[in-house]
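Reader: Could you take me through this protein structure? I would like to ask about its parts one at a time.

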Amino acid sequence: MDVMSPLKPHPNSPSPTKKLLPFALYALLPIALLRFYFHPFHHLPPNNPTILTKEEEIVYETPCDYTDGRWVHDKMGPLYNGTTCGTIKDGQNCISHGRPDLDYLYWRWRPSQCKLPRFNPNTFLHLLSNKHIAFVGDSMARNQLESLLCMLATASNPNLVYRDGEDNKFRTWHFASHNISISVYWSPFLVKGVEKSKAGPNHNELYVDTVDEKWGSDLDHIDMILLSIGHWFLHPAVYYEGGLVLGCHYCPGLNHTEIGFYDVMRKALKTALKTIIERKGANGNGIDVFLATFSPSHFEGEWDKAGACPKTKPYKEGEKMLEGMDADMRAIEVEEIEAVKVNAKQIEGLMIEMLDVTKLSLMRPDGHPGPYMYPFPFANGVRERVQNDCVHWCLPGPVDTWNQILLEVIRKWSIQSRRKE
């Protein structure tokens, strides 16, 4: 009788390698999925992403209403994440802070009448070579700036070359590969202002006819400027014009006339846009100007209770309407930009456009940090009181779409400019 050695496999039995193969595959699958998430694959861009066919140029010359559209599920997900981008503000790094639901990452904005291509960082870098881009305004301007830095960092490394002010309110990054500088200027009113503080008055002070020179004095060195204001006008404030008190917003105890903030925001916008046109348009240097419209918050109930912005999916069309203060703030911005665009046509080298993001932002109640503005807020159980951020956007998140639209407008301007040459 032929007895097999205990160390020698039976001729008809599978080899140890074959036995272990299924287990190895099961073990490697989660690792592969994690690797794909934290280091996503992207399509390689063309060598010169600014070259378009005649058919593509015709498409880009066709006007597109980016405000008319809906959010659709997108399995590709974002270009970057919290581990691949080092410039995300800590309070917006929702993934690293333990937000458990990740479905909010897999939506894209689909305009009804045209296409909104995936952001191509190389195209942006080519089109803005040798330029200085400035984001000026409140923390929404900073939110958009940090989104753009993360998207561009997938193609070229940004170097922080300037930092000043509390909480890094004034910073500049340089992309050596294309000699591009991108700066952020903290100026929540665009005009001269004194912010409330523990040492000073318990209200803001605004001088609506005087531009904030923290950014105004640098206009000679700025080629493209993106303005973003809104939320800070909701705070109590006293307003000045012509050296006299104009009125105030929510100032009990002060002998001033309550005038609200809508007209004041309009005056501030007028002052900022007038200053840009006078200082850049008049000397023939030219500048590209964008104004990002008001980005609505999504608080449901008290800001410091669990579940302040609990939604985990975008609103469907018709489920949420643009109304009230959100609509009023946007309307002021639209009216002021449209008025300035009429005059800007007479000034060579001056391009002005609105980045109308109000509706598409309104439809994304799921995109805010909420309690995950802080790391692992429920690690020790759910507390009754927890601070929530239902104003700013997670990074990555819906704010990335703002920069997609920004790139498409810049690309259209580039095509129109080449046609005139």
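Reader: Which strands does helix α6 lie across?
Author: This is a predicted model. In it, helix α6, residues 262-281, lies across β7, β8, β10 and β11, and runs at about 35° to β8.

Reader: In what order do the 4 strands of that open sheet come?
Author: The order is β7-β8-β10-β11, with mixed pairing. Strands β7 (191-194) and β11 (244-249) each have a single partner strand, so one side of each is left without a neighbour in the sheet.

Reader: And how do β8 and β10 run?
Author: They run parallel, and 4 bridges join them. Within this pair, asparagine 204 stands opposite alanine 237 of β10.

Reader: Let us change topic. How many disulfides are there?
Author: A search of the whole structure finds 5 disulfides. One of them is formed by cysteine 94 and cysteine 394, with sulfur atoms 2.0 Å apart. This pair links distant parts of the chain, 300 residues apart.

Reader: Why does cysteine 94 count as buried?
Author: Buried means under 20% relative accessible area. Cysteine 94 has 0% relative accessibility, so it counts as buried. Cysteine 394 is also at 0% and therefore counts as buried.

Reader: What does cysteine 309 bond to?
Author: A disulfide joins cysteine 309 to cysteine 390. Cysteine 309 is in the loop between β12 and α7, and cysteine 390 in the loop between α8 and α9, so the pair ties together parts 81 residues apart in sequence.

Reader: What do the buried residues of α7 pack against?
Author: They pack against α6, β12, β13 and α8. Among these buried residues are Met329, Ile332 and Val340.

Technical notes: Residues numbered from 1 in each chain as written. Predicted model: local features only at pLDDT ≥ 70, side-chain atom pairs only at ≥ 80, totals over all residues. Heavy atoms only, no water. Pairing = 2+ DSSP bridges. Helix = DSSP H or I, 4+ residues; strand = E, 2+ residues; numbered from the N terminus. Contact = heavy atoms within 4.5 Å. Axes fitted to C-alpha atoms, helices over the stretch in contact; angles between N-to-C directions. Buried < 20%, exposed > 50% of the residue type's maximum accessible area, 1.4 Å probe, protein only. Disulfide = S-S within 2.5 Å.
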